[in-house]
Amino acid sequence: MKTTLLDRQTPLGRPAPTAPADHLTLRRGAARVLLGNWTGASTVPSRTLYPHQWSWDSAFIAIGLRHLSVRRAQQELESLLAGQWADGRIPHIVFNPDVPYGAYFPSPDFWQSSRAGHAAGAPAAPETSGIVQPPVHALAAWLVHRADPEESARRGFLARVLPRLTAWHDYLLTRRDLGGGGLAAVVHPWEPGMDNSPAWDRALARVEPAADTFRRADLDHGDPADRPTDLDYGRYVRLASAYRAAGYDDRATGHAFALEDPGFNALLVTGELALARMADHLGQDGARHTERAAELTRGLVDRLWDDDAGIFRARDLVDDTLVDHTGVSGLLPLVVPGLPADVVRALTDTLDGPRFRAPATGLVPSNDLTGPSFDATRYWRGPAWFNTAWLVERGLRTHGRDARARSLREAVVAEAGRTGFAEYVDPLTGEGRGARQFSWTAALALDLLHTDHDPDPTQADHAPDPALTGPDLPLTDLEELSR
Ligand code: 2M8
């Protein structure tokens with residue numbers, strides 16, 4: 001008989017927290033996932049559904065990997081940067097040449113980066129996609145550095161990655177400032193990482209779907225009821241083909257889909273603050289990045305804050321309106337330290353109000369539970385995800401909401417372990433959905449299992465975890481990893 005989380009709720013409506021005694025088992029389980037998904041130079045999000053390297057996944061993965069091997073965490077980020085384009089963009093997928101084309105759609109022969117993206121600066125190899133994902137990388141690089149500053153200095157890690165990460169942010173703040181208001185725009189629903197969020201429905205309705213000449217590989221591994229629809233895919237393909245036809249040149253592409261997403265831009269703020277720390281650490285002037293973070297924070301509030309709704313919303317640049325949709329991306333600016341106090345208060349009220357209080361998980365649903373588009377199982381239209389919960393937890397700590405952060409932390413850890421590190425969770429039943437042994441779920445649970453949380457998100461300091469070196473772990477190479 002199936003037991004739902006509703007059977008083991010606390011009187012407050014939250015699942016019972018995992019007993020501390022389980023934590024070592026959880027850490028070992030998370031480590032196994034990360035080791036099992038390691039390909040030799042980077043980590044796949046999932047062996048079945050996502051057999052290449054994804055951009056923001058790798059940043060989250062590096063944040064967890066630093067507790068196992070700082071060297072491997074550095075390698076995760078640097079292998080992603082090997083796919084960076086000369087115009088600064090970090091592509092959302094770096095393809096593994098050993099994986100057959102049929103294993104994932106769209107594959108390298110669709111994007112044709114080295115040929116179609118040549119003028120925009122795509123590398124001759126590896127093959128990559130032509131779009132981007134949220135900029136979590138600078139924060140990840142700084143946290144990886146802080147995990148072992150001596151090892152980082154010995155390998156010249158920061159000095160190598162800082163110019164590349166700066167070029168990445170420069171790309172976003174220049175070529176992608178399509179609205180002229182100082183924020184970065186996304187030009188495809190895959191770019192904010194929340195593929196089929198209802199936030200894109202209205203903008204996508206303007207896009208003529210591509211004719212059905214492609215074969216989706218995701219349905220070989222995922223339940224069609226969980227995944228985006230064929231109609232969504234037709235539109236994703238149309239937008240990506242138009243970008244490719246314009247040589248992935250943002251000035252030449254008349255982007256039919258262009259929005260300023262609050263989560264994407266909030267992460268850019270934390271990234272700029274991380275670049276400032278890195279530059280200062282290397283004896284360079286970090287002030288430029290601190291100023292950019294302040295400007296971005298102002299832009300975020302001026303352009304995307306909806307005071308009546310108590311949440312940030314995406315701005316559709318095609319008709320310059322705020323999108324009438326309430327989703328988890330609108331809560332992510334909590335990670336921004338310089339947010340006005342009344343905005344922080346309103347956001348935390350929204351987080352704890354009826355729209356996001358998931359009855360069975362204690363995580364944060366991706367979509368307003370009370371809204372018409374809520375769907376408990378379909379990908380980014382309702383399910384609760386671990387990376388967004390990790391970001392909200394970090395945001396709560398950033399603003400001194402420590403008790404609330406703790407309850408979210410406990411929920412992440414408990415749900416990750418209980419669901420076998422699921423890709424996402426049905427917020428109404430607590431059932432794990434999507435892929436299992438999912439890398440960022442394991443990495444971020446591992447991160448939150450570390451107890452020494454520092455209130456300043458750019459100062460967190462973590463050492464590799466000796467508890468993970470137990471003989472039953474398949475870490476035959478742990479010693480080699482930490483050399
Ligand atoms: C999902 O997106 C990919 C396309 O990039 C897909 O659906 O095939 C999203 O959840 C995205 O945020 C994530 O980075 C990616 C890999 O985990 O999967």
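1. The axes of helix H8 (residues 157-174) and helix H11 (residues 262-281) come within 10 Å of each other and cross at roughly 145°, where axes are lines fitted to C-alpha atoms, for helices over the stretch in contact, and angles run from 0 to 180 degrees between N-to-C directions. Helices (H or I, at least four residues) and strands (E, at least two) are DSSP runs, numbered from the N terminus. This is a predicted model, in which local features need pLDDT of at least 70 and side-chain atom pairs count only at pLDDT 80 or more, while totals for chains, interfaces and linings use all residues. Residues are numbered from 1 along each chain as its sequence is written.

2. Among the residues that make this contact are Leu158, Leu162 and His169 of H8, together with Gly271, Glu272 and Met278 of H11; two residues are in contact if their C-beta atoms, placed from the backbone, lie within 7 Å.

3. Two peptide bonds deserve a look. The bond from phenylalanine 105 to proline 106 is cis, with omega near 0°, and proline 106 sits in the loop between strand S2 (93-94) and helix H4 (108-111). Alanine 125 and proline 126 are likewise joined by a cis peptide bond, with omega about 0°, and proline 126 belongs to the loop between helix H5 (113-116) and helix H6 (137-147).

4. Glutamine 112, in the loop between H4 and H5, has a phi near 50°, a positive value in a residue other than glycine.

5. Aspartate 320, in the loop between strand S6 (315-316) and strand S7 (321-322), also has a positive phi, near 50°.
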